[in-house]
Every structure is written in structure tokens, then in C-alpha cells.
Amino acid sequence: MTARHTRIGTGLGELTAVADGDTLIGLYFPGHWYPPKPEAIGPYVEPAGDPLFTRTAEELAEYLAGRRTTFDVPVALHGDAFQQRVWALLREIPHGRTTTYGTLAAQLGNPALAQRVGQAVGRNPVSVIVPCHRVVGSDGSLTGFAGGLRRKQFLLELEEPAEVKAGRLF
């Protein structure tokens, strides 16, 4: 592996982006629950001098400005087979929609796996781009998020459809 990393300033805080070759393999918030080990992220590079990191920063800025609903940055997710299945389902959740851990577990064929699904969601290595923030509790409540619940709420509100926003009193 020829990993390298950078830091990208955003309205969500300074995110650590990790790449291997031409693919993004990590995007972590400050205080992330499961950060990578320092030896796994390779040397620091300036984002402006790296085409993948430049593109990642541009796409994140567009997304956070409400001008992008999907990401085109190539991503590679490294985890066990179960995590891979869960992360693939995360990538299918449309912008502006949410689902629950139980629903994801049912999609995997066993509703009893909701807690294990939650663990896999929490270990998603590419936050925002692989939209783990779109998974909520069975009652619609905000539940754990590796970047913190304030960031999760911000991301969900950013993606909230206009008609839903218009119907809210506050």
C-alpha cells in the first residue's frame, strides 16, 4: 500500500483524507470514533499538489454548498465481508433520504442483525461520501455518528428536501 494523507478544511471541521493510489480510502472527522493508525495513513501531502485530494476537496465544497448530491471521487473501502455488504447498502441510500439500521439488516436478510449493522456503519472509513449519516434509529432519532451528532444533524438538514423544510415550524 502506498497511502498518503492530507487535511481538508470544511464547514464540518478539518477532515483527514487518506488515499492509496488513485482511490480515496478514508475521510475522517476531527475526533473520529475509529481513526486510522498513524502508520496506516502514509506521509502528509498538500491537497493542492495531489489531483485526487484536490478533486475530493472540490466535491466536498460543492456538496456542502448544496450544489452536489452525489460524489464521483473513486473510493475503495477496506473491511470484512459483512462491513462491505453494509457499506454497499449505504451507497444506495439516495440524497435527501434516510433509512434505519433495522431496514438495512432486513435488506441483508436478517432483521436481528441491526446492532451488527450499526457497528459496521460506525466503522465506515469514508464519511460523508459513503453516507452513513443517512442511517437513523428505528424511531427516526439521531443515533451514533463517528463525526458527532451535531455534524450528522447538519448533514441531514443540508440534504433535507425543500418541501420538508418548508413544512417545518422551526
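The exercises below work through the sheet, the cores and one annotated site of a predicted model.

Residues are numbered from 1 along each chain as its sequence is written. Local features need pLDDT of at least 70, side-chain atom pairs count only at pLDDT 80 or more, totals for chains, interfaces and linings use all residues, and side-chain values use heavy atoms, with hydrogens and water left out.

**Exercise 1. Work out the strand order of the open sheet and state which strands are at its edges.**

Step 1. Helices (H or I, at least four residues) and strands (E, at least two) are DSSP runs, numbered from the N terminus. Two strands pair if DSSP finds at least two bridges between them.

Step 2. β1 and β2 pair in the antiparallel sense over 8 bridges, and a hairpin of 2 residues joins β1 to β2.

Step 3. The open sheet has 3 strands in the order β1-β2-β3, with antiparallel pairing. Its edge strands are β1 and β3, each of which pairs on one side only. On average, neighbouring strands are turned by 25° against each other, direction ignored.

Step 4. Helix α1 lies across β1, β2 and β3 and runs at about 30° to β1. Such angles run from 0 to 180 degrees between N-to-C directions, with axes as lines fitted to C-alpha atoms, for helices over the stretch in contact.

**Exercise 2. Is T16 buried or exposed, and what does T16 contact?**

Step 1. Buried means under 20% relative accessible area, exposed over 50%, and partly exposed in between (1.4 Å probe, protein chains only). T16 is found in strand β2 and has 18% relative accessibility, so T16 counts as buried.

Step 2. Contact means heavy atoms within 4.5 Å. Leaving aside neighbours within four places in sequence, T16 is in contact with H5, T6, R7, G26, L27 and Y28.

Step 3. Strand β1 (residues 3–10) is mostly covered, with 6 of its 8 residues buried.

**Exercise 3. Describe the largest nonpolar core and the surroundings of V128.**

Step 1. A nonpolar core is a set of buried Ala, Val, Leu, Ile, Met, Phe, Trp, Tyr and Cys residues joined through side-chain atoms within 4.5 Å. The largest one has 38 residues, and those touching the most other members are L24, V86, L90, V117, V121, V126 and V128.

Step 2. Elements that each supply at least two residues of this core are β2 (13–20), β3 (23–28), α1 (51–64), α2 (81–90), α3 (101–107) and α4 (114–122). A second, separate core of 5 residues includes A3, V18, I25 and Y28.

Step 3. Outside four places in sequence, V128 is in contact with L12, F29, L60, Y63, F71, H133 and L155.

Step 4. Y63 and F71 are both buried. The structure holds 1 aromatic pair. The ring centres of Y63 and F71 are 5.3 Å apart and the planes are at 50°, so the pair is tilted. Rings of Phe, Tyr and Trp (its six-membered ring) pair if their centres lie within 6.5 Å; planes under 30 degrees apart count as stacked, over 60 as edge-to-face and the rest as tilted.

**Exercise 4. Where is C132, and what does C132 touch?**

Step 1. UniProt lists C132 for "active site" in an unreviewed entry. UniProt positions are given in the numbering used here, feature names are shortened, and annotations may be inferred rather than shown by experiment.

Step 2. C132 is in the loop between α4 and β5 (135–136). C132 counts as buried because its relative accessibility is 5%.

Step 3. Not counting residues up to four places away in sequence, C132 touches L90, V121, N124 and F145.
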